Amino acid sequence: NPTTKNVTVEADGLQEVELYDAVSRKLSTLTANRSTAVKVDLESYPAGPYYLRIRTENGTVIKKVIKR
């Protein structure tokens, strides 16, 4: 799971991915635009934990990502 640059989120029915920092500040929102994958760029952010709120046609899930 640790990354230094990017995370690719893939899901059927993908609608939107939101990136949050460790204190729940929203850093970015990416819209899928009929794609099944979204690339989240973490390169400009400092090392630490981040959370991805992934919204699909079937619901929402939150995943933790560690940036080194």
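**Entry 1: Thr 56**

I looked up Thr 56 and found that this residue counts as buried, because its relative accessibility is 16% and buried means under 20%. I note that the model is a predicted one. Thr 56 belongs to strand E5, which covers residues 48–56. I then examined its side chain and found a polar atom 3.1 Å from the backbone nitrogen of Asn 58. Leaving aside residues up to four places away in sequence, I listed the contacts of Thr 56 as Ala 11, Asp 12, Gly 13, Leu 14 and Gln 15. One of these, Leu 14, stands opposite Thr 56 in E5.

**Entry 2: the sheet**

I next traced the pairing of the strands. E2 and E5 run antiparallel and are joined by six bridges. Both belong to an open sheet of four strands, paired antiparallel in the order E3-E2-E5-E6. Which strands stand at the edges? I found strand E3 (26–31) and strand E6 (59–67) there; each has a single partner strand, so one side of each lacks a neighbour in the sheet. I also recorded that neighbouring strands of this sheet are turned by 20° against each other on average, direction ignored.

**Entry 3: Glu 16**

I turned to Glu 16, which is placed in strand E2 (residues 14–20).

Note on methods. Residues are numbered from 1 along each chain as its sequence is written. This is a predicted model: local features need pLDDT of at least 70, side-chain atom pairs count only at pLDDT 80 or more; totals for chains, interfaces and linings use all residues. Side-chain values use heavy atoms; hydrogens and water are left out. Helices (H or I, at least four residues) and strands (E, at least two) are DSSP runs, numbered from the N terminus. Buried means under 20% relative accessible area, exposed over 50%, partly exposed in between (1.4 Å probe, protein chains only). A polar contact is a pair of N or O atoms within 3.5 Å; within protein, one must be able to donate a hydrogen and the other to accept it, and residues adjacent in sequence count only if both atoms are side-chain atoms. Contact means heavy atoms within 4.5 Å. Two strands pair if DSSP finds at least two bridges between them. Axes are lines fitted to C-alpha atoms, for helices over the stretch in contact, and angles run from 0 to 180 degrees between N-to-C directions.
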